[in-house]
Amino acid sequence: MTVCAIEPAAEHQDGAGRAGCTITADGCYAARLALAGDSLFPERWTLDGPEPYAVPLPGNQPEEPGTEVQPLSDGRVLIHRLVDGRHAFSLLYPTGPGTGELPLGTVECPEEGTRLWLLPPAPDGERAYALAVGRRSSAVWLVAGGAFGPEHLAEVPGRCSGGVWLDRAGRMLALDRETGGRTKAVVVDLERGGEMSPLLQIAAESDDRVLLADPDSGLLLIRSDAPSPGRDRLGWGVLGSTLPVRFPDCLRLADCTVTPFAIQPGQMLTPEGCAVALRIDGALGSWVGVWRPAERQVHHFPAPEGWLTGSGLWTVDGVLRLPYATRTVPCGVAGLRAPGQERQPEGLEVSPRPPVTLPDAPRSGEPPEVRGGPPLAGDLSLPGELPPLAQPVADGQLPFLVPESETHGGPGTPPAPRPVPLQQAPLGRLVTK
């Protein structure tokens, strides 16, 4: 019998484990697998009202640990189960005291050892996608929002991981593709039958991955071993920029895993001012970091008690919303105002009450007051100038998007950006220092 498996993407890429819940791109709904005793059941959170509240969506039997859930913008929850070697997809919705379920169909993996997981929520909130990774190629599937059940959209040579949306239309998907023992980020155009182009290639022998992207500002968070061969480092760049990717020293924390999980939206012209939320995992637990590309330090905050670790969403005005669940507050959202924003009110807002108070960002060289959490590894403030730019090798490629004048869309179709290798970018009139 064909062996199929469910493998959440975040669980094997960055070593940080999967996020505690999944949130729609607009921040209105979240979904997770909740515990009732020793049993798991789906739960939907509504986040756009005056107070968050949860609706349980239990089925006829408990869910398996590998089951995935993802909310849609209409309030329904997509569930992905492995049933008799096939990947089954259904939509769950509350029906009075019970749970309604609309089967969408199944995906069968014909190749031995193929793994399949849901991609991050689509920007429009109406569709959902999955990535099936085989030994030699990877397939992108539309599993919710299509006309006739799961639909095969694209086949990408090589083993892919990750999955980051580069635009608001849900057309341009960045994947980390492994071929020849090296991993490079590529972009897949889902409206052109999966047409693939290089997106991030810093050095010939480096592994270069895209972790997050903000479609408004073009800010990219990447992970690469190009500046330190054999050791991955976090870096940032901007789609449309002709400058190399930077790898700030302040994002290197000894004995900690740092994983970006949310970027502040709405900063159209100032990508370097976008606040980035970081999940920091150390020997004594997990906590929250906040960083901006224009700054030289990471601000550290203890996570609220019961934080659904690794999940959260920025508002346009710079409030990081962190979902949490405790015995006394089974559905809560803590609001952390980013350092540098006007503080009204101070610290952390929590809904519902009682509040959880977080301290202000630590001063240079001062550890944060983390309740039972880990100390900081060294002084995070950097003296002098910004970290030097990581220079690409002569044959390297960096992300560069230009408007596509020869778009193949119909009348009224907005122009779609396309990736252009750095060597082909119009650098003639630019002087960089």
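Is R192 buried, partly exposed or exposed? R192 is partly exposed, with a relative accessible area of 23%. Here buried means under 20% relative accessible area, exposed means over 50%, and partly exposed lies in between (1.4 Å probe, protein chains only).

1. Basis. This is a predicted model: local features need pLDDT of at least 70, side-chain atom pairs count only at pLDDT 80 or more, and totals for chains, interfaces and linings use all residues. Residues are numbered from 1 along each chain as its sequence is written, and side-chain values use heavy atoms, with hydrogens and water left out.

2. R192 pairs with E195 through a side-chain salt bridge (3.4 Å, N to O). A salt bridge is a side-chain nitrogen of Lys or Arg within 4 Å of a carboxyl oxygen of Asp or Glu. E195 is also partly exposed, at 39% relative accessibility. Shared partners link R171, D189, E191, R192 and E195 into one network of salt bridges.

3. Other salt bridges. The structure holds 17 of them. One joins E108 and R86, with the closest N and O atoms 3.5 Å apart. E108 sits in strand β9 (residues 98-108) and R86 in strand β8 (residues 86-95), so the pair ties together parts that are 22 residues apart in sequence. Helices (H or I, at least four residues) and strands (E, at least two) are DSSP runs, numbered from the N terminus. E108 is partly exposed at 46% relative accessible area. R86 is partly exposed too, at 40%.

4. A buried pair. K184 and D208 meet in a salt bridge between their side chains (3.0 Å, N to O). K184 belongs to strand β16 and D208 to strand β18, so this pair ties together parts 24 residues apart in sequence. K184 counts as buried at 12% relative accessibility. D208 is buried at 0%.

5. Strand β16 and its neighbours. Strand β15 (residues 172-179) pairs with β16 in the antiparallel sense over 8 bridges. Two strands pair if DSSP finds at least two bridges between them. L173 stands opposite V188 in β16. On the other pairing, 5 bridges join β16 to strand β17 (residues 195-200), again antiparallel. There V187 has S197 of β17 as its bridge partner.

6. The two turns. β15 and β16 make a hairpin with 2 residues between them. G180 in that turn has a positive phi of about 60°. β16 and β17 make a hairpin with 5 residues between them. G193 in that turn has a positive phi of about 70°.

7. The largest nonpolar core. This core has 19 residues. A nonpolar core is a set of buried Ala, Val, Leu, Ile, Met, Phe, Trp, Tyr and Cys residues joined through side-chain atoms within 4.5 Å. Those with the most contacts inside it are L219, L221, L251, I263, V276, L278 and W291. Elements giving two or more residues to this core include β18 (208-213), β19 (219-224) and β23 (285-291). Leaving out residues up to four places away in sequence, L251 touches L234, V258, L278, W291 and V298. Contact means heavy atoms within 4.5 Å.
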